[in-house]
Amino acid sequence: MANNMKKFTKVQQEYQKMAKHIEPKRPVWKNCFFAFVVGGFICLLGQGIMEMFERWFGFTDQTSGDPTVAVLILLSVILTSMGVYDKIAQWAGAGTAVPVTGFANSMCSAAIEHRSEGLVLGVGGNMFKLAGSVIVFGTVAAFVVGICHLIYDWVV
Amino acid sequence: MLTGHQSWVFTRPPVIIATATVVGPDEGKGPMQSEFDVVHDELTIGQPSWEKAERRILEESTQLALDKAGLTSGQVQFFVGGDLMNQIISASFAARTLNIPYIGIFGACSTSMQGLALSACMIDAGAAETILCGTCSHNCTAEKQFRYPTEYGSQKPPTAQFTVTGAGSAVLAKSGKGPIVTAATIGRIVDMGITDPFNMGAAMAPAAVDTMQAHFRDLNRGPSDYDVIMTGDLGAVGYAIAIELMRKHHIPIHETTYVDGGLMIYDRDKQTVQAGGSGCGCSAVITYGHFIRRLNQGELKRILVVATGALLSPLSYQQGESIPCIAHAVTIEAGGVVD
């Protein structure tokens, strides 16, 4: 920010200060609270589904993760397609964005949005528009952590 | 004609002989619902894509304006239009349907008054006898182009604005019955270094005040010369900043009724629109729906519409550029019959 301010003239800086003063602030505490409650609820739901798979469908706690994630993704895609997910997200914020449901929503919404441009260039080309960077940086981060782990094993 | 530095005062003021407005479901639920000619229940307007839906509402509003004026497209010399889409596709494709010689313009959300000012100038100069001008915006096309996919769950800050789904068109003629366009001020670009595309109101407010100041200076007028002064789509944040800026610049805005289109179109307590409405359609439908009716009914004598536009692109803000803004002002007066 300090670096950014340098390129602005004095009048611009004064204006930005004045505008900042008038703008309503993001309700950070309220957003945190809803994110905590909704995010927690999604995790609780996931735990419930996991228990269900283990109790009635013969999965173990090692194998029940995959079908649970699949069910959550399916629920997210259904809610996105019905046009409900973005409405929930407006007050849930990070609560719906951080869990796997948010990732599914980002892909599904982009796929629906660009369907009018065709299957290949529209859906295929745009599906990872938002999710792409999550995959790229997730993979890079995993690689770095993996290297660190390897070095740790050598040394210790 | 040219008066002062950047204003036009029309010697033979063109008449707005007909206007038409078409809006989407959210605007139809707002406090202005009875002011619009057509309210659609579906955001898709029965079309397979958002872009086609946006084009469709512009086609409907231009056709309806022509019908109200009792004209066919052959009797209109030019169509002046623009919108928010890349390469102004909505206006250009609507012009293809209309088959009227076409001038495409872009002024972002200021396009409504940019078009009206240019059309009035052309008629006053004798370059045309009848001109159709119009603009449109659609919430979902704007979301798709400028922000995220419409169904993407992102949390908007309280400074964000909700793009209006709506189209407004007007037919201007050398003579006829209706309100007259008497003056216009073309704004210059004002950039106060705001970089947040979710805070358009704060970016655009200085441009609105700059154009108003120029208008008052060029025409030697003040706010008290107008019954109503409306800014296009500053929303709650921009509106508050504009009032503060006018206080600093000693513009006695309290002498008139100062309103903002972005605050008029939705009920912010009941509708999730954050700071209010925005988009080309916002100032167009409020001016051509609400204010033209009040001018026609004699409730208002003279109004100033200051349409504000943020001239950014998705590319420019991703590259960290600030948002250049513009505002164009047009004076509309209750007319009567002009020969």
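Analyst: Two residues are in contact here if their C-beta atoms, placed from the backbone, lie within 7 Å. This is a predicted model, in which local features need pLDDT of at least 70 and side-chain atom pairs count only at pLDDT 80 or more, while totals for chains, interfaces and linings use all residues. Residues are numbered from 1 along each chain as its sequence is written, and chains are lettered from A and ligands numbered from 1 in the order in which they are written.

Let's start at the contact, which takes 30 residues from chain A and 26 residues from chain B. On chain A, helix 2 (10–22), helix 5 (85–92), helix 6 (94–97) and helix 7 (100–113) each supply at least two residues to the side that touches chain B. Helices are DSSP runs of H or I with at least four residues, strands are runs of E with at least two, and both are numbered from the N terminus. Helix 7 of chain A gives the largest share of that side, 7 residues. By type, the side of chain A that touches chain B holds 13 nonpolar, 13 polar and 4 charged residues. Here Ala, Val, Leu, Ile, Met, Phe, Trp, Tyr, Cys and Pro count as nonpolar, Asp, Glu, Lys and Arg as charged, and the others, Gly among them, as polar.

Now to chain B. The axes of its helix 6 and helix 7 (residues 235–248) come within 8 Å and cross at roughly 40°; axes are lines fitted to C-alpha atoms, for helices over the stretch in contact, with angles from 0 to 180 degrees between N-to-C directions. Helix 6 and helix 7 of chain B are therefore oblique to each other, since angles under 35 degrees count as roughly parallel, over 145 as roughly antiparallel, 65 to 115 as roughly perpendicular and the rest as oblique. Among the residues making this contact are Ala205(B) and Ala208(B) of helix 6 and Ile241(B) and Leu245(B) of helix 7. The residues of this helix contact divide into 11 nonpolar, 3 polar and no charged.

Finally, two backbone details in chain B. Ile45(B) has a positive phi of about 50° although it is not a glycine, and Ile45(B) sits in the loop between strand 4 (38–39) and helix 2 (50–69). Gln87(B), in the loop between strand 5 (78–83) and helix 3 (89–98), has a positive phi of about 55° and is not a glycine either. Most residues other than glycine have a negative phi.
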